[in-house]
Amino acid sequence: MAHRIIQPEGWKPAKGYANGILSRSGTLYVGGQIGWTADQVFEVHDFIGQMRQALMNIRTVVEAAGGTCADIVRLTWYVTDKADYLAHQAEVGAAYREVLGRNFPAMTMVVIDALVEDEALLEIEATAEIG
């Protein structure tokens, strides 16, 4: 079996990248997800709203590969505004648990100047072990 591209049903096609790649060994690599919808539209423009959407996008890719949130073993966050993130810690935790539950994988957060999509306030990539 070759590596399998994971593209959730109903999502607008990814251009030049894959939303997810499931390896032969069952490792799922979820490409960086931002706070836009399946139609690649930003419906929210605040940090918590975009974070919630990015996490929902990760959950959708993991589920499309046959996994669950409990299978997520790593998250790497790229945020454009450290102060905005720190100012909303309680909301970050609540939104995280709402979307991914009480699964707390290894995490890294990196503060960056900008993302390719100008409206994006953060991008999160994930790794999961499926089955």
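Contact here means that heavy atoms lie within 4.5 Å of one another, and buried means a relative accessible area under 20%. With those two terms in hand, the structure, which is a predicted model, can be walked through from the whole chain down to single residues.

The chain holds 3 helices and 6 strands. Followed along the sequence, these elements come in the order β-β-β-α-β-α-α-β-β. The radius of gyration is 14 Å, close to the 14 Å that the globule rule gives for 131 residues, so the chain is as compact as a globular protein of that length. Its C-alpha trace spans about 45 × 30 × 25 Å along the principal axes. Of the 131 residues, 41% are buried. The accessible surface comes to about 6,900 Å², and carbon and sulfur atoms account for 52% of that area. Contacts also reach across the sequence: among those between residues at least 6 apart, 70% join residues at least 24 apart.

Helix H3 (residues 89–100) has 12 residues, which at 1.5 Å a residue should span 16 Å; the end C-alpha atoms are 16 Å apart, so the two values agree. The buried residues of H3 are Val 92, Gly 93, Ala 95, Tyr 96, Val 99 and Leu 100. An α-helix has 3.6 residues a turn, so residues three or four places apart point the same way. The cover over the buried residues of H3 includes H1, S4, helix H2 (82–87) and S5. Just after H3, Gly 101 adopts a positive phi of about 75°.

Helix H1 (residues 47–64), part of that cover, contains Asn 57. Leaving aside residues up to four places away in sequence, Asn 57 touches Trp 11, Gln 33, Ile 34 and Trp 36.

Definitions and conventions. Residues are numbered from 1 along each chain as its sequence is written. This is a predicted model: local features need pLDDT of at least 70, side-chain atom pairs count only at pLDDT 80 or more; totals for chains, interfaces and linings use all residues. Side-chain values use heavy atoms; hydrogens and water are left out. Helices (H or I, at least four residues) and strands (E, at least two) are DSSP runs, numbered from the N terminus. The expected span of a helix is 1.5 Å times one less than its number of residues. Buried means under 20% relative accessible area, exposed over 50%, partly exposed in between (1.4 Å probe, protein chains only). The radius of gyration is taken over C-alpha atoms; the globule rule is 2.2 Å times the number of residues to the power 0.38. Accessible areas come from the Shrake-Rupley method with a 1.4 Å probe; for residues, only the protein chains shown count as cover.
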